[in-house]
Amino acid sequence: MTVVNSEIDIASYIDHALLSPTGITQEVEQYCQQANQFSFPCVCVYPSMVRKATELLKGKQTQVCTVIGFPTGATTSAVKLYEAQEAVENGATELDVVINLGWLKAGLSDKIYREIAEICSETKQTVKVILETNLLTDTEKQLAVEICMDGGATYLKTNTGWFGGATVADVSYLKQLVRGRIGIKASGGIRTFEQALALIEAGATRLGTSYGVDLVKQQRELTRNV
């Protein structure tokens with residue numbers, strides 16, 4: 001039986017993500033309505049949907065997030081910067097930027113730093129760098145954390161969800177590395193309240209999931225049954 005932590009409001013952690021390649025306008029409308037209804041911090045959509053989400057959430061507390069260089073991180077720095085700047089012009093206030101994994105594995109720290117730092121300085125918005133932790137060694141994770149923090153990232157995000165999901169072990173390790181200096185967003189495969197709670201207790205300060213409404217309902221049901 002899950003022990004419900006009554007001090008945790010699961011809704012306050014959720015980045016409500018609509019990142020299916022086949023997502024349509026009606027789904028964006030639904031996700032924005034849900035994000036506003038449940039007071040999620042943000043809704044995360046593809047860049048082509050940012051303007052629509054911004055219009056739908058105008059005057060609301062929920063922010064609009066989008067993904068940059070998604071899902072591989074292998075586009076050029078110039079393309080990522082343009083994509084980020086255009087997203088901000090269209091209303092995005094949070095940017096989930098995929099790190100260049102090839103550069104990381106090759107040890108090209110300076111290139112990664114310049115890319116992240118430029119996006120952070122030019123957009124002046126919340127930047128969450130996606131690490132794809134399940135594809136990295138602990139040494140690579142440590143290097144990525146150092147680069148991203150030096151570059152001005154606001155959060156580290158575990159995964160895109162395309163190559164595996166968030167784990168308690170990875171979140172715990174990131175928490176150890178960042179030492180409270182920036183946030184940690186766990187993302188990928190989060191479908192149950194039990195998973196979400198374990199990730200929060202491990203150190204996650206945001207949760208990226210398309211199951212946000214389900215998580216809230218699961219928490220409410222568990223609370224009623226206590």
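This is a predicted model: local features need pLDDT of at least 70, side-chain atom pairs count only at pLDDT 80 or more; totals for chains, interfaces and linings use all residues.

Reader: What makes β1 and β2 a pair?

Author: Strands pair if DSSP finds at least two bridges between them. Strand β1 (residues 14–18) and β2 are joined by four bridges and run parallel, so they meet that definition. Leu18 stands opposite Val45 in β2. Strands here are DSSP runs of E with at least two residues, and helices are runs of H or I with at least four, numbered from the N terminus.

Reader: And which strand pairs with β2 next along the barrel?

Author: β3 (residues 63–68) does, again in parallel and through four bridges. Cys42 has Gln63 as its bridge partner in β3, while Cys44 stands opposite Cys65. The closed barrel of eight strands runs β1-β2-β3-β4-β5-β6-β7-β8, with parallel pairing, and the twist averages 25 degrees from one strand to the next.

Reader: Which way do the side chains of β2 point?

Author: Cys42 and Cys44 point one way from β2 (residues 42–45), Val43 and Val45 the other way, and all are buried.

Reader: Why is Ala153 called buried?

Author: Buried means under 20% relative accessible area, exposed over 50%, and partly exposed in between (1.4 Å probe, protein chains only). Ala153 has a relative accessible area of 6%, so the word buried applies. Ala153 is found in the loop between α6 (138–151) and β6 (155–157). Leaving aside neighbours within four places in sequence, its contacts (heavy atoms within 4.5 Å) are Cys120, Val127, Val129, Cys148 and Ile182.

Reader: Why is α8 called roughly perpendicular to α9?

Author: The axes of helix α8 (residues 193–202) and helix α9 (residues 212–224) come within 9 Å and cross at roughly 95 degrees. Angles of 65 to 115 degrees count as roughly perpendicular, under 35 as roughly parallel, over 145 as roughly antiparallel and the rest as oblique, so α8 is roughly perpendicular to α9. The axes are lines fitted to C-alpha atoms, for helices over the stretch in contact, with angles from 0 to 180 degrees between N-to-C directions.

Reader: Which residues make that contact?

Author: Phe193, Glu194 and Ala196 of α8 meet Leu215, Gln218, Gln219 and Leu222 of α9.

Terms used. Residues are numbered from 1 along each chain as its sequence is written. Side-chain values use heavy atoms; hydrogens and water are left out.
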